[in-house]
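Let's explore a protein model together, one question at a time. Have a look at the sequence and structure first.

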Amino acid sequence: MTRITFIGHSAIEIQGGGFSVLIDPFISQNPVAVHKPEDFKPDAIILSHGHADHVGDAVALAKKHNCPVVAVFELAGYCGSQGAPKPVGMNTGGVTKFEFGTVHFTQAFHSSSFNGQYMGQPCGIVFTTLDGMKIYHSGDTALFGDMALIGKHGLDVALLPIGSHFTMDPEAAVIAVELLKPKFVIPVHYNTFPPIKQDAQVFKRAVEGRTSSRVIVLSPGESHEF
Ligand code: NI
Ligand code: MN
């Protein structure tokens, strides 16, 4: 069993096999989150890129729980410089097996900085659970044709931004689903701030009308078990 909790924005928790993994844990400053950082006991934190709405509480949680922060080389180094005890610097294309699952960084078309400092390439993440479930968290990205290559991994779940302005809009995200062919899609990175207001039900109808993927719309704080 794998449980995905949508914390809000692009922040999720993946639970399974006795492990808790947080991706992009933007919690305490997240205007839509119902959780607090204290609600989580992560065994690992994975970051897609260095923007504040993704790094969030990563360093504080890593210090508190003495857990690794897995990110692109420059961003992991930055987290280490801020006191994260176990930074793991990877890079695009890399695949590393950990005790809590396997992390594969894919490309993303975006930018990545923190307080004006370069944080390396932005990435997407293919996380494979100990049960073999493949979860693609695209990070912030524009649509790109090589999502079809990522889809060749055989994805169970894709978490895709639909907010527009900073990332794909819902129309582009439907094309992303056509390329990725995941079994399930969870829309993220919308309705957190005024510029990224979207209707996820319109996206769900479009995806389910045009593809065989099923869309699971989660409100912040909600979970789904796979
Ligand atoms: Ni961003
Ligand atoms: Mn973002």
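**The metal site**

Q: Which residues coordinate the manganese ion (ligand 2)?
A: Here, donors are N, O and S atoms within 2.8 Å of the metal (3.2 Å for Na, K and Ca), and since water is not among the atoms, sites may look incomplete. Along the chain, the donors follow the spacing D-H-x85-D-x48-H. At 2.2 Å, the manganese ion (ligand 2) is held by Asp-53 (OD), His-54 (NE2), Asp-140 (OD) and His-189 (NE2).

A word on the ground rules: this is a predicted model, where local features need pLDDT of at least 70 and side-chain atom pairs count only at pLDDT 80 or more, while totals for chains, interfaces and linings use all residues. Residues are numbered from 1 along each chain as its sequence is written, chains are lettered from A and ligands numbered from 1 in the order in which they are written, and side-chain values use heavy atoms, leaving out hydrogens and water.

Q: Which residue bridges the manganese ion (ligand 2) and the nickel ion (ligand 1)?
A: The two ions lie 3.2 Å apart. The residue that bridges them is Asp-140.

Q: How many residues apart are His-54 and Asp-140?
A: Helices (H or I, at least four residues) and strands (E, at least two) are DSSP runs, numbered from the N terminus. His-54 sits in helix H1 (residues 52-55), and Asp-140 in the loop between strand E12 (134-137) and helix H4 (147-151). This pair links distant parts of the chain, 86 residues apart.

Q: Are His-54 and Asp-140 buried or exposed?
A: Buried means under 20% relative accessible area, exposed over 50%, and partly exposed in between (1.4 Å probe, protein chains only). By that scale, His-54 and Asp-140 are buried.

Q: Which residues is Gly-101 in contact with, leaving aside neighbours within four places in sequence?
A: Gly-101 is in strand E8 (residues 101-107) and is buried, with a relative accessible area of 3%. Contact means heavy atoms within 4.5 Å. With those sequence neighbours set aside, the partners of Gly-101 are Thr-96, Phe-127, Thr-128 and Leu-130.

Q: Why is the pair of Phe-100 and Phe-127 called stacked, and at what angle are the planes?
A: Rings of Phe, Tyr and Trp (its six-membered ring) pair if their centres lie within 6.5 Å; planes under 30 degrees apart count as stacked, over 60 as edge-to-face and the rest as tilted. Both Phe-100 and Phe-127 are buried. Their ring centres are 6.4 Å apart, and the pair is stacked because the planes are at 15°.

Q: Which residues do ring pairs link into a cluster?
A: A search of the whole structure finds 6 aromatic pairs. Ring pairs join these residues into a cluster: Phe-98, Phe-100 and Phe-127.

**Helix H5**

Q: Which elements do the buried residues of H5 pack against?
A: Helix H5 covers residues 170-180, and its buried residues are Pro-170, Ala-172, Ala-173, Val-174, Ala-176, Val-177 and Leu-180. They pack against E12, H4, strand E13 (157-161), strand E14 (184-188) and helix H6 (200-210).

Q: Which residue just after H5 takes a positive phi?
A: The phi in question is about 50°. The residue, just after H5, is Lys-181.
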